[in-house]
Amino acid sequence: MPSGSRERFFSQLFPAGEWRRGREYAREGLISEACYGQGVWQGTVTGALGRYRVRIKRESGGWRMSCSCPSREGRCRHAAALLSYWLWEPEAFTSMAEVHRQLAGLSRRDAMALLQKVAEEEGELLRRLLAGRGKEEEKQVPLGKLLRLVRELGLETGSPWRSRQ
């Protein structure tokens, strides 16, 4: 059973409806492949339309959350479910220390086979790590493409501060 103060703290990271739905997912046990270590929570949440990978990282300036769900909002019900599940069932999470211990025990051949599987599942992440860039890069969208999309959607491209006449 989670402590009230920790649950209140985590619930404030999400819109109320998302936290409520996430708690329901956690109570139903819809979280799998959960692990935690050094301020990072990861897991898979089974939602209404599929299974989604969630990653939450506590940083000095706040929280970074990502989810593979269609909403593409980091602070979605799936992220709320993962944190809520951690509050309710912390022993269900594999510690990253255990993952590191298992990795250290692999032979070179087994480690290479594992990396090949990682490449198949998370190729872009592995590519960034191999290139020496562990952090996610923000994709820069050229202004011309963005303006063209805005016009195609029938939206105005003028400044909101300019008076309209």
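Which residues form a nonpolar patch on the surface? Read on through these close-ups of a predicted model, where local features need pLDDT of at least 70, side-chain atom pairs count only at pLDDT 80 or more, and totals for chains, interfaces and linings use all residues. Residues are numbered from 1 along each chain as its sequence is written, and side-chain values use heavy atoms, with hydrogens and water left out.

**View 1. A nonpolar patch on the surface.** Leu103, Leu106, Met112, Leu114, Leu115 and Val118 make up the patch, and together they have about 440 Å² of accessible area. Such areas come from the Shrake-Rupley method with a 1.4 Å probe, and for residues only the protein chains shown count as cover. Patch members have over 30% relative accessible area and no salt bridge; like charges are joined within 9 Å, and nonpolar side chains (Val, Leu, Ile, Met, Phe, Trp, Tyr) within 5 Å. A salt bridge here is a side-chain nitrogen of Lys or Arg within 4 Å of a carboxyl oxygen of Asp or Glu. Helix H5 (residues 108–121) gives the most to the patch, with 4 residues.

**View 2. Leu115 in helix H5.** Leu115 counts as partly exposed because its relative accessibility is 40%; buried means under 20%, exposed over 50%, and partly exposed in between (1.4 Å probe, protein chains only).

**View 3. The largest nonpolar core.** This core has 27 residues, and those with the most contacts inside it are Phe10, Phe14, Ile31, Trp41, Ile56, Leu82 and Leu83. At least two core residues each come from helix H2 (16–27), strands E1 (31–37), E2 (40–46), E3 (51–59) and E4 (62–67), and helix H3 (77–88). H3 gives the most, with 8 residues. A core is a set of buried Ala, Val, Leu, Ile, Met, Phe, Trp, Tyr and Cys residues joined through side-chain atoms within 4.5 Å.

**View 4. Leu83 and its contacts.** Neighbours within four places in sequence aside, Leu83 is in contact (heavy atoms within 4.5 Å) with Phe10, Leu13, Phe14, Trp19, Trp41 and Ile56.

**View 5. An open sheet of 5 strands.** The strand order is E4-E3-E2-E1-E5, with mixed pairing. At the edges lie E4 and strand E5 (94–95), each pairing on one side only. Two strands pair if DSSP finds at least two bridges between them; helices (H or I, at least four residues) and strands (E, at least two) are DSSP runs, numbered from the N terminus. E3 and E4 run antiparallel and are joined by 6 bridges. Glu59 has Gly62 in E4 as its bridge partner.
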